[in-house]
Amino acid sequence: EIFYNRVSFGPLQIALRAKREIKNDSTIKVSFLETSFSLFGKTLKKQQAGGGGIWKVKFTGKIEDKNGKEKLVRIMETPSLFVLEQDL
């Protein structure tokens, strides 16, 4: 399965395209494929990305932020601790 991790800083967006393979309920194998940089929606540069590894899921669940908005949170060891937050 292909997925994207994206981060935006105003009009600048950096995206990492990766492939994930679910090994079991708590382990995911990730291979990084490509990094791209866009400004105001126009791609400036794409380059091949290498690396990857085994990600271990430490927590998955729903939480409410301080405004009562529900979010999905995933905490993974990648080997660094990585926290993903998604609006629901």
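Analyst: Glu1 counts as exposed, because its relative accessibility is 56%. The cut-offs are these: buried is under 20% relative accessible area, exposed is over 50%, and partly exposed is in between, with a 1.4 Å probe and protein chains only. This is a predicted model, so local features need pLDDT of at least 70 and side-chain atom pairs count only at pLDDT 80 or more, while totals for chains, interfaces and linings use all residues. Residues are numbered from 1 along each chain as its sequence is written, and side-chain values use heavy atoms, with hydrogens and water left out.

User: How much of the protein counts as buried?

Analyst: Of its 88 residues, 19% do. Ser36 is a buried case, because its relative accessible area is 12%.

User: Where does Ser36 lie, and what is it in contact with?

Analyst: Ser36 is in strand 3. Contact means heavy atoms within 4.5 Å. Leave aside neighbours within four places in sequence, and Ser36 is in contact with Gln13, Ile14, Ala15, Lys45 and Lys46.

User: You said strand. How many helices and strands does the protein have?

Analyst: Both come from DSSP runs, numbered from the N terminus: helices are H or I with at least four residues, strands are E with at least two. Here there are zero helices and seven strands. Read from the N terminus, the elements run β-β-β-β-β-β-β. The C-alpha trace spans about 35 × 35 × 20 Å along its principal axes.

User: Now charges. How many salt bridges does the count come to?

Analyst: First, the idea. Side chains of opposite charge can pair when their charged atoms come close. The rule for a salt bridge is a side-chain nitrogen of Lys or Arg within 4 Å of a carboxyl oxygen of Asp or Glu. By this rule the count is seven.

User: Which residue does Glu1 meet in a salt bridge?

Analyst: The partner is Arg20, at 3.0 Å from N to O. This pair links distant parts of the chain, 19 residues apart: Glu1 is in the segment before strand 1 (2–9), and Arg20 is in strand 2 (residues 12–24). Arg20 is partly exposed, because its relative accessible area is 24%.

User: And which residue forms a salt bridge with Glu34?

Analyst: That is Arg17, and the closest N and O atoms are 3.7 Å apart. Again the pair links distant parts of the chain: Glu34 is in strand 3 (residues 27–39), Arg17 is in strand 2, and they are 17 residues apart. Arg17 is partly exposed at 25% relative accessible area.

User: What about Lys23 and Glu21?

Analyst: Their side chains meet in a salt bridge at 3.0 Å, N to O. Lys23 counts as partly exposed because its relative accessibility is 45%. Glu21 is also partly exposed, at 37%.

User: Which residues are linked in a network of salt bridges?

Analyst: Lys69, Lys71, Glu85 and Asp87. Take Lys69. It is found in the loop between strand 5 (52–64) and strand 6 (70–77). With 41% relative accessibility, Lys69 is partly exposed. Lys69 and Leu88 are 19 residues apart in sequence, yet 8.0 Å apart in space, C-alpha to C-alpha.

User: How do I read such pairs elsewhere?

Analyst: Lys58 and Ile75 are 17 residues apart in sequence and 5.4 Å apart in space, C-alpha to C-alpha. Beyond four places in sequence, Lys58 touches Ile75, Met76 and Glu77. For the whole protein, take contacts with a separation of 6 or more: residues 24 or more positions apart account for 18% of them.

User: Which residues make the nonpolar surface patch?

Analyst: Leu39, Phe40 and Leu44 make it, with about 350 Å². Patches use residues with over 30% relative accessible area and no salt bridge; like charges are joined within 9 Å, and nonpolar side chains (Val, Leu, Ile, Met, Phe, Trp, Tyr) within 5 Å. Areas come from the Shrake-Rupley method with a 1.4 Å probe; for residues, only the protein chains shown count as cover. Phe40 lies in the loop between strand 3 and strand 4 (42–48). Phe40 is exposed, because its relative accessible area is 70%.

User: What does the accessible surface of the protein come to?

Analyst: About 6,500 Å², of which 51% belongs to carbon and sulfur atoms.
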